[in-house]
Amino acid sequence: MEHQHSSRRRLSPSGDTEDMADMTRLLAPRLAYFAGVARTEHVTRAAHEMGVPQSTLSRAMVRLEQDLGVDLFARHGRTVSLTPAGRTFLASVERALAEVERAAEEVRADADPATGKVAFGFLHTMGAETVPGLLQAFRADHPRVRFSLVQNYGEAMLEGLRAGELDLCLTSPVPDAPDLVARRLDEQKLRLVVPADHRLAARRRIRLVEAAEENFVTLEPGYGLRRITDDLCREAGFRPRIAFEGEEAETLRGLVAAGLGVALLPPPAVPRPGVSELTVTAPRAAREIGVAWLADRPDTPPVAAFKRFLLSRRGTLLP
């Protein structure tokens, strides 16, 4: 394997980002070849083991040395040995190749139909009963599928879809965006929650306008339930007076019990003492629950299976 003079410019040793990107593109295809030659210390044997022509392997090693600007091998007839620079380079190359192989095994495992992974996001209010019930039912037929679960508010989950951190999410309101696909699965009625000793506590039904003078405890802006609360109050003809903004519905229910205000909330998983929950007759107080995913992104088999399962639960999603 003889060196050949080349007029090609060597890559700059500077830390310039563009130079480093060029180096990566040039070196990456040759790293496995280099490791094979270094392991066997014989070009012909390495070419046979890797199933490539010897001439291809020889040229790749010469070009690799030219691109790096250092000699990686000492030539001894048909055999080669690593130079000190070659030994240093080999240690890093073996780590890099091992990391690539680890990543390849991980993505193959995540896509396995029987044991793959689904990254699934859901609202805080879906965590007590709805999502555990869904996972239990799905795993009856897919017992080894793994889940990476994220509990968050709607906008954060949609950003997770766009960033590739989530495969699917349960959210409300059902999003309408050109880069997303969303399907309505169910509807959940909202109740006006008041303290047990409140003037309205004995009522079973109420028009929302009757609470126009009350203080409200709500979720923070950006949460879907906050947007629905603001919209319903606006439809009823008033703007809610906000006493507290939180991040979790059951916290709000506790603050209602403590007398800090009233709240529009979905039904609790377990009835909470200290509050009365009133049916809102006008305007119609409900929120749609839907599943969303990123448009045009191919599904792995486990994600496709779980998506089909969720869509099959239309109208029966909520306990």
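Visitor: Before we start, what counts as a strand or a helix here?
Guide: Helices (H or I, at least four residues) and strands (E, at least two) are DSSP runs, numbered from the N terminus. Keep in mind that this is a predicted model.

Visitor: Okay. Where does Pro-173 sit?
Guide: Pro-173 is in the loop between strand E5 (168–171) and strand E6 (180–189).

Visitor: And is the peptide bond from Ser-172 to Pro-173 cis or trans?
Guide: That bond, Ser-172 to Pro-173, is cis, with omega near -5°. The peptide bond from Ala-282 to Pro-283 is cis too, with omega near -10°. Pro-283 belongs to the loop between strand E12 (275–282) and E13.

Visitor: Switching to helices. At what angle do H3 and H4 cross?
Guide: The axes of helix H3 (residues 43–50) and helix H4 (residues 54–68) cross at roughly 115° and come within 9 Å. That makes H3 roughly perpendicular to H4.

Visitor: Left-handed or right-handed?
Guide: H3 passes H4 in a right-handed crossing.

Visitor: Which residues make the contact?
Guide: From H3, the contact uses Val-43, Thr-44, Ala-46, Ala-47 and Met-50; from H4, Gln-54, Leu-57 and Ser-58. Five of the contact residues are nonpolar, three are polar and none is charged.

Visitor: What about Glu-41, what is its phi?
Guide: Phi of Glu-41 is near 55°, which is a positive value in a residue other than glycine. Glu-41 lies in the loop between helix H2 (31–40) and H3.

Visitor: Why does Glu-41 count as partly exposed?
Guide: Because its relative accessibility is 39%, and partly exposed covers what falls between under 20% (buried) and over 50% (exposed).

Visitor: Which way does Asp-296 go, buried or exposed?
Guide: Asp-296 has 82% relative accessibility, so it counts as exposed. Its phi is positive as well, near 65°, and Asp-296 lies in the loop between E13 and helix H10 (301–311).

Visitor: Now H8. How far apart are its end C-alpha atoms?
Guide: They are 18 Å apart. At 1.5 Å a residue, the 13 residues of helix H8 (residues 224–236) should span 18 Å, so the two values agree.

Visitor: Which H8 residues are buried?
Guide: The buried ones are Gly-224, Leu-225, Arg-226, Ile-228, Thr-229, Leu-232, Cys-233 and Ala-236.

Visitor: And what covers those buried residues?
Guide: The cover over the buried residues of H8 includes strands E9 (215–219), E10 (241–246), E11 (263–265) and E13 (286–294).

Technical notes: Residues numbered from 1 in each chain as written. Predicted model: local features only at pLDDT ≥ 70, side-chain atom pairs only at ≥ 80, totals over all residues. Heavy atoms only, no water. Expected span 1.5 Å × (residues − 1). Buried < 20%, exposed > 50% of the residue type's maximum accessible area, 1.4 Å probe, protein only. Contact = heavy atoms within 4.5 Å. Axes fitted to C-alpha atoms, helices over the stretch in contact; angles between N-to-C directions. Parallel < 35°, antiparallel > 145°, perpendicular 65-115°, else oblique. Left-handed = near helix turned anticlockwise from the far one by under 90°. Nonpolar A, V, L, I, M, F, W, Y, C, P; charged D, E, K, R; others polar.
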